[in-house]
Structures are given as C-alpha cells and as structure tokens.
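Student: Please take one part of this model and go through it closely. I would like the disulfide and the core around it.

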Amino acid sequence: MRFVVSCLVTLLCLGTTAAFAAAPEPTTDEQKTLYALGLAVNQSLNNFNLSEPEFEMVKSGITDGFFKRPPKVDLQAFGLKISELQQARASVIAEAEKKVGAAFLAKVAAESGAKKTESGAILKTIKEGNGAIPKMTDMVKVQYQGTLIDGTVNEMSKCWVEGMQQIKVGGKSKLVCPSILAYRDKGLPPLIKPGATLVFEIELLEIVAK
C-alpha cells in the first residue's frame, strides 16, 4: 500500500512539474514562425484584458476546438456575447487610459511654448520655423515619429493633420492628441489601446510644389 501511495504522489509531482515546465525555445524558422503566431493570437486578445483564470478558460476553448472535441457551449449563440464582452472590457481600458492621458496633456500644456489647438490638442514648439505654413490641400515633406505616452510607436491620426497646419517650414514641434481626436474608445488593436493619447514629434521640411 505504501508503495502504491508513493508512486501516486511521485506521478502527481511529475505531472505538476511538467505542467509548469518552461516551453522549449524556438530555434528553427518554422518554430519561430509558430511562436510568432502565438504572439499574434495573444495580441488579438489584448482588448479583453483577461485575468489568468479567464485566459485558462479561453485556452480550454482553443484546445477543444483544435482537437475537435464536442463544444461545451453553442458558438453561434454566444458569438454576440463575445462582441459585448470585448466592448465592455475595452471601455474599462479606455477610461483608465483617458485618465492617464488627461494628466499627461495637462503636464505638457503647462510647459513653456505649449499651446492648445482649436480642437483640444496640445502643440509645443521645439524649434521655430521661418517658412510658410501648409494648408489642408498642400503636400508636405516631413520627418516625424508617433508614439504613445509610454514611448510605443503608433500610427498617424487626423489630429496630426491639424497640427501640421500650425507648423512653419523648418520648424519642429511636439503634438499631443487626446483620444477623442485619435482612435477614441475603440483604439487600433493591437498597437493602440482604447482611449489612448497619441504623441507626435514633427519636423516640417518643406511644402512640395504641385
């Protein structure tokens, strides 16, 4: 009896160790591609802001689907609820991001050389230009970088267009766009969270002749 119990305990311990063992390092290009696939799938879940137990439940659904096991719920019936859950979780993320963004906007607005645009963005002159100011219809040549507050690189937004029309050729400015002028509460998954504030550093090189 002691031998049986001992073996059972050993098997349970080995099982636990295996469950928490680190995944193998991807070495070949194919393994790295498959690992990247996992990262891409995870990015698609960002807006759900899952806890660890919730992530385990998601993995359970993926596993059952992959091995073609009988589903525990009707996917068609719960398809709409997935969208509802995403919207609810995204709104929570957005509110938190907007609070952080508002504090950042206030900080930049208080800095020397900063001014608020008509729509509510903050434009701070880094280097004053001495050329013309572009119009909406002009084609321009610029050097710029867009980031989030934490420095993560982001995409251009319509706020960027407004800011461009207030910089002289040869000038360089920092433009801070609140979420309402960028991607609002939807964000731009996986790069930009819902409610995120965008930051651009723009140098206007020239207005290109038509």
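Tutor: The model is predicted. A search of the whole structure finds 1 disulfide. It joins Cys 159 to Cys 177, with an S to S distance of 2.1 Å. The torsion about the S-S bond is about -85°, so this disulfide is left-handed. Cys 159 sits in helix α5 and Cys 177 in strand β4; they are 18 residues apart, and the pair links distant parts of the chain.

Both ends are buried. Cys 159 has a relative accessible area of 2%. Cys 177 has a relative accessibility of 0%. Because buried means under 20% relative accessible area, Cys 159 qualifies at 2% and Cys 177 at 0%.

Now the core. Cys 159 and Cys 177 belong to the largest nonpolar core, which has 18 residues. They are among the residues with the most contacts inside it, along with Leu 175, Leu 198, Phe 200 and Ile 202. Helix α5 (158–164), β4 (172–177) and β5 (198–208) each supply at least two residues. Strand β5 gives the most, with 4 residues.

Take Ile 202. Leaving aside neighbours within four places in sequence, its contacts include Val 142, Tyr 144, Trp 160, Met 164, Ile 167 and Leu 175.

Apart from this core lies another, of 6 residues, including Phe 104, Leu 105, Val 108 and Val 199. Phe 104, Leu 105 and Val 108 are among the buried residues of α4. The buried residues of α4 pack against β1 (114–116), β2 (122–127), β4 and β5.

Methods
Residues numbered from 1 in each chain as written. Predicted model: local features only at pLDDT ≥ 70, side-chain atom pairs only at ≥ 80, totals over all residues. Heavy atoms only, no water. Core = buried A, V, L, I, M, F, W, Y, C linked by side-chain atoms within 4.5 Å. Buried < 20%, exposed > 50% of the residue type's maximum accessible area, 1.4 Å probe, protein only. Contact = heavy atoms within 4.5 Å. Disulfide = S-S within 2.5 Å.
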